[in-house]
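Try each task before you read its solution.

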Amino acid sequence: MATPSAPRTAVITGAGSRRGIGRATAHALAAAGYHIAVLDLDKEAAEDAAREVAARHGVEALGLAADVTDADAVDAAVGAVEAALPPVGALVNNAGITSPTRFLDVTPAEWDRIFEVNVRGSFVVSHRVAAGMAERGFGRIVLLSSVSAERGGGVFGGVAYSAAKAALLGFARALARELGPSGVTVNSVAPGLIDTDITQGKLDERRKAAMIADVPVRRIGEVEDVADVIAFLARPESGYLTGVTYDVNGGSHMH
């Protein structure tokens, strides 16, 4: 059952990149009526994204620098959001890093870093905002996993990345069970091959053509394809969807 419409803010982490899923998601959520808070390591990029979103959609938007692995930095950033914008109603844990390193070559430090950003970062930000959502009886949390977590590796993700993104699936499902009675849903989105800065220039045309030929819809995904699914999950009307993983891969991986 949808809750009555009220001004709410969506927090999107790692949304500074101009060609990233995070910024596209900020636009999609603003178009859906959310006010927007962009958290990113790059303060200038976060502020640029906020200005762009505000100008295009006429909502309030705030860009802040924050390292999602630093609980104190996240607490300060979310505190600033809470002081300046309407209550947080949605969180998109988009910040993450990849690693193509083969397992036999990966170092413990690299393994830990992949988990630190992708898993701990999602925990830290979710932990900071979830209590307020539960208290208000409404919340939409979305975690960005990956097709690599489901098929066991991918084009750009090695074992460490796949393991970290798989951890997010378990995190989301368990959190969905715990927060569901409070009106907070928790879902995952698992993109396949998406045209972002991560993939830009890293595929030769022959390999790219071969990969597209294996996708039933015959194209590489766009950031808007992922953002639109996230915006759907963030709707008040999507309150009966929780603990779900939405694959956004053009049918390249079906299970």
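The exercises below go from the whole chain to the sheet and then to single residues.

This is a predicted model, in which local features need pLDDT of at least 70 and side-chain atom pairs count only at pLDDT 80 or more, while totals for chains, interfaces and linings use all residues. Residues are numbered from 1 along each chain as its sequence is written, and side-chain values use heavy atoms, with hydrogens and water left out.

**Exercise 1. The whole chain**

Task: Find how the radius of gyration of the protein chain stands against that of a compact globule.

Solution: 
- Begin with the rule: the radius is taken over C-alpha atoms, and the globule value is 2.2 Å times the number of residues to the power 0.38.
- For 255 residues a compact globule would have a radius near 18 Å, and the chain has 17 Å, so the two agree.
- Next, take the extent: the C-alpha trace spans about 50 × 40 × 35 Å along its principal axes.
- Then turn to burial (under 20% relative accessible area is buried, over 50% exposed, in between partly exposed; 1.4 Å probe, protein chains only). Of the 255 residues, 49% count as buried.
- Finish with contacts, meaning heavy atoms within 4.5 Å. Among contacts with a separation of 6 or more, 77% come from residues 24 or more positions apart.

**Exercise 2. The sheet**

Task: Work out the order of the strands in the sheet and say which stand at the edges.

Solution: 
- Count the elements, which are DSSP runs numbered from the N terminus: helices are H or I with at least four residues, strands are E with at least two. The protein chain has eight helices and seven strands.
- Two strands pair if DSSP finds at least two bridges between them. The seven strands form an open sheet with parallel pairing, in the order β3-β2-β1-β4-β5-β6-β7.
- β3 (61-65) and β7 (245-248) are at the edges; each has a single partner strand, so one side of each lacks a neighbour in the sheet.
- From one strand to the next, the twist averages 20 degrees. Axes are lines fitted to C-alpha atoms, for helices over the stretch in contact, and angles run from 0 to 180 degrees between N-to-C directions.

**Exercise 3. Around β4**

Task: Trace the partners of β4 and find the hand of the crossover to β5.

Solution: 
- Strand β4 (residues 88-93) is mostly covered, with six of its six residues buried.
- Four bridges link β4 to β1 (residues 9-13), where Thr9 stands opposite Val88.
- Another four bridges join β4 to β5, and here Asn93 faces Leu143.
- The chain passes from β4 through helix α4 (residues 108-136) to β5, a right-handed β-α-β crossover. Right-handed means that, with the strands pointing away from the viewer, the path from the first strand over the helix to the second runs clockwise.

**Exercise 4. Two residues**

Task: Decide whether Ser238 and Ala71 are buried, partly exposed or exposed.

Solution: 
- Ser238 lies in the loop between α8 (223-233) and β7. Its relative accessibility is 2%, so Ser238 counts as buried.
- Leaving aside residues up to four places away in sequence, Ser238 touches Arg140, Thr185, Phe232 and Leu233.
- Ala71 belongs to helix α3 (residues 71-84). At 39% relative accessibility, Ala71 is therefore partly exposed.
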